[in-house]
Amino acid sequence: MNAYTARKKPFLTNKMKKKRSILITGASSGIGKACAFYLDNLGFKVFAGVRTDEDKETLKREGSERLQPVILDVTKEDTIAETFQMVS
């Protein structure tokens, strides 16, 4: 057991509590997807970055109205710019 797993309440900084929005890349699978759903369940507005329309539709079906999938490929400047405009 480490300090993180020993916590009974989720770890949130004061800044995170005030903003309540977060951008996650790689949200189509694995830890990115798990984090997106976890933070969505905590009440955050989650911008979940995925690379395909299929993954975007899957997240829309499985998440709440707070989880907003966005097409984001961190190797493509145009998708980075579009996502930046959306979340700012």
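The following legends describe close-up views of a predicted model.

The model is predicted, so local features require pLDDT of at least 70 and side-chain atom pairs count only at pLDDT 80 or more, whereas totals for chains, interfaces and linings use all residues. Residues are numbered from 1 along each chain as its sequence is written, and side-chain values use heavy atoms, with hydrogens and water left out.

**View 1. The secondary structure of the protein chain.** The protein chain contains 4 helices and 3 strands. Helices (H or I, at least four residues) and strands (E, at least two) are DSSP runs, numbered from the N terminus. Along the sequence they follow the pattern α-β-α-β-α-β-α. Of the 88 residues in the protein chain, 26% are buried; buried means under 20% relative accessible area, exposed means over 50%, and partly exposed lies in between (1.4 Å probe, protein chains only). Among contacts with a separation of 6 or more, 31% are between residues 24 or more positions apart, a contact being heavy atoms within 4.5 Å.

**View 2. The open sheet of 3 strands.** The strand order is β1-β2-β3, and the pairing is parallel. Two strands pair if DSSP finds at least two bridges between them. The edges are formed by β1 (21-24) and β3 (67-71), each with a single partner strand, so one side of each is left without a neighbour in the sheet. From one strand to the next, the twist averages 20°. Between β1 and strand β2 (residues 45-50), the parallel pairing extends over 4 bridges. Within this view, I24 stands opposite A48 in β2.

**View 3. Helices against the sheet.** Helix α2 (residues 30-41) packs on the sheet and touches β1, β2 and β3. The direction of helix α2 makes about 170° with that of β1. Helix α3 (residues 53-62) lies across β2 and β3, and runs at about 175° to β3. For these angles, axes are lines fitted to C-alpha atoms, for helices over the stretch in contact, and angles run from 0 to 180 degrees between N-to-C directions. Helix α2 also holds C35, which counts as partly exposed at 32% relative accessibility. The C-alpha atoms of C35 and I24 are separated by 7.8 Å, with the two residues 11 residues apart along the chain.

**View 4. The largest nonpolar core.** This core has 11 residues in all: I24, A27, A36, F37, L39, F44, V46, A48, V50, L59 and L67. A nonpolar core is a set of buried Ala, Val, Leu, Ile, Met, Phe, Trp, Tyr and Cys residues joined through side-chain atoms within 4.5 Å. In soluble globular proteins, nonpolar side chains tend to be buried together.

**View 5. The surroundings of D40.** D40 is placed in helix α2 and is buried, with a relative accessible area of 2%. The side chains of D40 and S64 are joined by a polar contact of 2.5 Å. A polar contact is a pair of N or O atoms within 3.5 Å; within protein, one must be able to donate a hydrogen and the other to accept it, and residues adjacent in sequence count only if both atoms are side-chain atoms. Apart from its neighbours within four places in sequence, D40 is in contact with V46, G63, S64, R66 and L67. D40 also belongs to a network of salt bridges that links it with E65 and R66. A salt bridge is a side-chain nitrogen of Lys or Arg within 4 Å of a carboxyl oxygen of Asp or Glu. In the bridge between E65 and R66, the closest N and O atoms are 3.9 Å apart. E65 counts as exposed at 68% relative accessibility, while R66 counts as partly exposed at 28%.

**View 6. Salt bridges of helix α3.** The whole structure contains 4 salt bridges. K33 forms one with E62, their closest N and O atoms being 3.6 Å apart. This pair links distant parts of the chain, with K33 in helix α2 and E62 in helix α3, 29 residues apart. Both count as partly exposed, K33 at 22% relative accessibility and E62 at 46%. A salt bridge also joins the side chains of K60 and E57 (3.7 Å, N to O). Because K60 and E57 are 3 residues apart in helix α3, about one helical turn separates them. K60 is partly exposed at 44% relative accessibility, and E57 is partly exposed with a relative accessible area of 37%. Side chains of opposite charge can pair when their charged atoms come close.
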